[in-house]
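Q: Could you take a close look at the salt bridges in this one and walk me through where they sit?

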Amino acid sequence: SSITQTRDAENKVTLSIEGMHCASCAARVERALHAVPGVIRASVNLAVETATVFYDPATATIEEMVEQVRQAGSRARVSKLTGPSLESASRPRSRS
């Protein structure tokens with residue numbers, strides 16, 4: 001199914017967010033992240049100043065996410081990056 005294919009292709013990035021001062025700021029950042037094509041889910045935590053974003057790496061780029069956060073009035077940097085496309089890139093390919 002397409003849901004399985006999406007999950008198989010999805011990466012996760014945790015962004016450290018600076019410049020959020022209230023719930024309205026956090027909501028603005030979350031809306032900005034959802035506006036990036038290829039973002040599947042985005043969740044912002046104001047208390048620890050992070051955003052967790054699940055995205056399709058074939059469509060969305062981290063640079064686009066960082067830029068959208070900047071346009072929303074905050075600053076973002078990558079804190080943690082995980083996903084199947086990253087794991088397969090770091091694994092040696094088996095020869096058949």
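A: Let's start with arginine 41, which pairs with glutamate 10 in a salt bridge, their closest N and O atoms lying 3.5 Å apart. That pair ties distant parts of the chain together: arginine 41 is in strand β2 (residues 39-45), glutamate 10 is in the loop between α1 (2-8) and β1 (11-18), and 31 residues separate them. Salt bridge here means a side-chain nitrogen of Lys or Arg within 4 Å of a carboxyl oxygen of Asp or Glu. Helices (H or I, at least four residues) and strands (E, at least two) are DSSP runs, numbered from the N terminus. Glutamate 10 is buried, at 12% relative accessibility, while arginine 41 is partly exposed at 38%. The cut-offs are under 20% relative accessible area for buried, over 50% for exposed, and partly exposed in between (1.4 Å probe, protein chains only).

Keep in mind that this is a predicted model, where local features need pLDDT of at least 70, side-chain atom pairs count only at pLDDT 80 or more, and totals for chains, interfaces and linings use all residues. Residues are numbered from 1 along each chain as its sequence is written, and side-chain values use heavy atoms, with hydrogens and water left out.

By this rule there are three salt bridges. Another one joins arginine 75 and glutamate 18, at 3.3 Å between the closest N and O atoms. It also links distant parts of the chain, with arginine 75 in strand β4 (residues 75-82) and glutamate 18 in strand β1, 57 residues apart. Glutamate 18 is partly exposed, at 38% relative accessibility.

Then there's glutamate 67 with arginine 70, at 2.6 Å from N to O. These two are three residues apart in helix α3 (residues 62-71), so about one helical turn separates them.
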